[in-house]
Amino acid sequence: MRVLLKLILDCEPDAAWRAIRSPAGLRSVSAPLMVFHSLEPDGFQEEWSEGEHPVRVAGLGVLPLGEQVIAISYPPTHGHTRLVRDSGYGVSGIFTAVNYWEHTMAVAPAHGGGTLYRDQLVFDAGPLSPLLWPMYWVFWQYRALRMRALARTW
């Protein structure tokens, strides 16, 4: 199943690029619906490095949802478009229902200024996919609202 976003953000592409490469960016656009806690020995770094980053997730900051691994890669740049990909997986809780996860975020200069932000989630949870899709869609819309609100501060 697929969830897509396409937004024009009121910030420079470099600022959006820093935000999507940052654990702080993830936390700011997800809270308070979902709160991410690092399970790495030194906690969250300033910027996602390529590789696996284990996290614990709480709904509304208090409801334990489980643990997952955020697996970051930076695919090659296409022109002025820069990409971040998370092909992580669930370790415990509700995240283990998903057996395929690929979340790709792209930033590029927008015509007329600002940043063109595109976001695609492709996931598979077998027969549960149609039940999970509306929840992911709502969360992606929430993230879009938060991005639009925060972009000016990036």
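Helix H1 (13-20) is largely enclosed by the rest of the structure, because 6 of its 8 residues are buried, that is, under 20% relative accessible area with a 1.4 Å probe, protein chains only. The buried residues are Pro13, Ala15, Ala16, Trp17, Ala19 and Ile20. They pack against strands E1 (2-9), E5 (82-86), E7 (100-109) and E8 (115-124), and against helix H2. Helices (H or I, at least four residues) and strands (E, at least two) are DSSP runs, numbered from the N terminus.

This is a predicted model: local features need pLDDT of at least 70 and side-chain atom pairs pLDDT 80 or more, while totals for chains, interfaces and linings use all residues. Residues are numbered from 1 along each chain as its sequence is written, and side-chain values use heavy atoms, without hydrogens and water.

Arg21 lies in the loop between H1 and H2. At 16% relative accessibility, Arg21 counts as buried. Its side chain makes a polar contact (a pair of N or O atoms within 3.5 Å, one able to donate a hydrogen and the other to accept it) with the side chain of Glu47, at 2.5 Å. Beyond its neighbours within four places in sequence, Arg21 is in contact (heavy atoms within 4.5 Å) with Glu46, Glu47, Trp48, Tyr74 and Val84.

From H2, Ser28, Val29 and Ser30 meet Phe139, Tyr142, Arg143, Arg146, Met147 and Leu150 of H3.

Technical notes. Buried means under 20% relative accessible area, exposed over 50%, partly exposed in between (1.4 Å probe, protein chains only).
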